[in-house]
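Please read this report with the model open beside it.

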Amino acid sequence: LNTSLREIDLSRNFIGVDGCKALAESLKHGCTITTMNLSWNDLRDEGIKFLAKGLEFNATLTMLDLSNTGFEAEGCKAIAEALKTNTGLQIMYLNCNKAGNEGTKALADSLKINTTLNDLDLHSNCIGDEGCVELAESLKSTKSLRRLKIHGNEIQSDGAKALAKLVVSSNSIRALRTDFSGGNEFDEALLEKRLEDTRRD
């Protein structure tokens with residue numbers, strides 16, 4: 001094993017399931033890598049599940065980029081399960097996938113347990129009000145997460161209200177990106193309105 005390698009960028013490298021298996025094994029056994037970029041590869045749920053197994057007890061990797069890797073709810077659930085025991089990851093990019101409400105709810109559960117993740121990017125993940133509400137509820141009690149990006153999803157009024165309550169009650173959240181484009185009704189103005197409503201409640 002290479003004991004000096006700290007950063008690896010494998011984005012846009014046509015990595016698939018077999019590549020994920022090999023990477024998962026390296027994460028399990030003496031891996032010294034702290035930063036790994038796997039974005040824009042066709043990992044899908046199957047590949048992500050192998051990778052998640054490698055992450056479960058890895059304590060050296062601090063940044064993982066899985067943006068645009070084609071996973072859906074099942075892959076996101078595998079990541080969520082890994083986060084329950086992982087003690088190294090601080091930054092995770094999961095944007096531009098299809099976690100959906102089910103995957104996001106699994107993440108919400110894991111973030112109640114995880115104590116190290118402080119930066120999470122979930123933008124453009126087909127998340128609606130249902131997933132957003134559960135995520136916001138779980139983050140009220142977290143002490144580690146500082147930054148959350150959740151723009152470009154399908155969040156409407158209920159999700160906006162939940163995020164507004166999170167802003168009011170959280171002692172840890174320092175940056176929350178919620179701006180939307182492309183005709184989505186949920187935008188900064190709506191969040192501000194919900195925030196004002198919450199303060200009056």
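Buried means under 20% relative accessible area, exposed means over 50%, and partly exposed lies in between (1.4 Å probe, protein chains only). This is a predicted model: local features need pLDDT of at least 70, side-chain atom pairs count only at pLDDT 80 or more, and totals for chains, interfaces and linings use all residues. Residues are numbered from 1 along each chain as its sequence is written, and side-chain values use heavy atoms, with hydrogens and water left out.

**Overall fold**

The protein has seven helices and seven strands. Both are DSSP runs numbered from the N terminus: helices are H or I with at least four residues, strands are E with at least two. From the N terminus on, the order is β-α-β-α-β-α-β-α-β-α-β-α-β-α. Of the 201 residues, 52% are buried. Contact means heavy atoms within 4.5 Å. Among contacts with a separation of 6 or more, 87% join residues 24 or more positions apart.

**The core**

A nonpolar core is a set of buried Ala, Val, Leu, Ile, Met, Phe, Trp, Tyr and Cys residues joined through side-chain atoms within 4.5 Å. The largest one holds 49 residues. Met36, Leu38, Leu64, Leu66, Met92, Leu94 and Leu120 touch the most other members. Helices H1 (17-28), H2 (44-55), H3, H4, H5 and H6 each give two or more residues to this core. H3 gives the most, with six residues.

Take Met36. Leaving out residues up to four places away in sequence, Met36 touches Ile8, Leu23, Leu27, Leu61, Met63, Leu64 and Asp65.

**Helices H4 and H5**

How do helix H4 (residues 100-111) and helix H5 (residues 129-139) pack, and at what angle? The angle is about 5°, and the axes are 8 Å apart. Axes are lines fitted to C-alpha atoms, for helices over the stretch in contact, and angles run from 0 to 180 degrees between N-to-C directions. H4 and H5 are therefore roughly parallel to each other. Angles under 35 degrees count as roughly parallel, over 145 as roughly antiparallel, 65 to 115 as roughly perpendicular, and the rest as oblique.

H4 brings Asn101, Glu102, Thr104, Lys105, Ala108 and Leu111 to the contact. H5 brings Asp129, Glu130, Gly131, Glu134, Leu135, Ser138 and Leu139. By class, the contact has four nonpolar, four polar and five charged residues. Here Ala, Val, Leu, Ile, Met, Phe, Trp, Tyr, Cys and Pro count as nonpolar, Asp, Glu, Lys and Arg as charged, and the others, Gly among them, as polar.

The buried residues of H5 are Asp129, Gly131, Cys132, Leu135, Ala136, Ser138 and Leu139. Their cover includes H4, strand E6 (147-149) and helix H6 (157-169).

**Salt bridges**

A salt bridge is a side-chain nitrogen of Lys or Arg within 4 Å of a carboxyl oxygen of Asp or Glu. The count comes to ten.

| Pair | N to O distance |
|---|---|
| Glu56 and Lys53 | 3.5 Å |
| Lys105 and Glu130 | 2.6 Å |
| Glu137 and Lys140 | 3.0 Å |

Lys105 lies in helix H4 and Glu130 in helix H5, so this pair ties together parts that are 25 residues apart in sequence. Lys105 is buried, at 14% relative accessibility. Glu130 is partly exposed, at 43%. Glu102, Lys105 and Glu130 are linked in a network of salt bridges.

In another pair, Glu56 counts as buried at 15% relative accessibility, while Lys53 is partly exposed at 49%. Glu137 is partly exposed at 42%. Lys140 is partly exposed at 29%.

**Loop residues**

Lys84 sits in the loop between helix H3 (73-83) and strand E4 (91-93). At 33% relative accessibility, Lys84 is partly exposed. Neighbours within four places in sequence aside, Lys84 is in contact with Ser110 and Ile113. Lys84 and Thr115 are 31 residues apart in sequence and 8.9 Å apart in space, C-alpha to C-alpha.

Arg12 lies in the loop between strand E1 (7-9) and H1. Arg12 is not a glycine, yet has a positive phi of about 55°. Its relative accessible area is 56%, so Arg12 is exposed. Phe14 lies in the loop between E1 and H1. Phe14 has a positive phi of about 60°, although it is not a glycine. Phe14 is exposed, with a relative accessible area of 83%.
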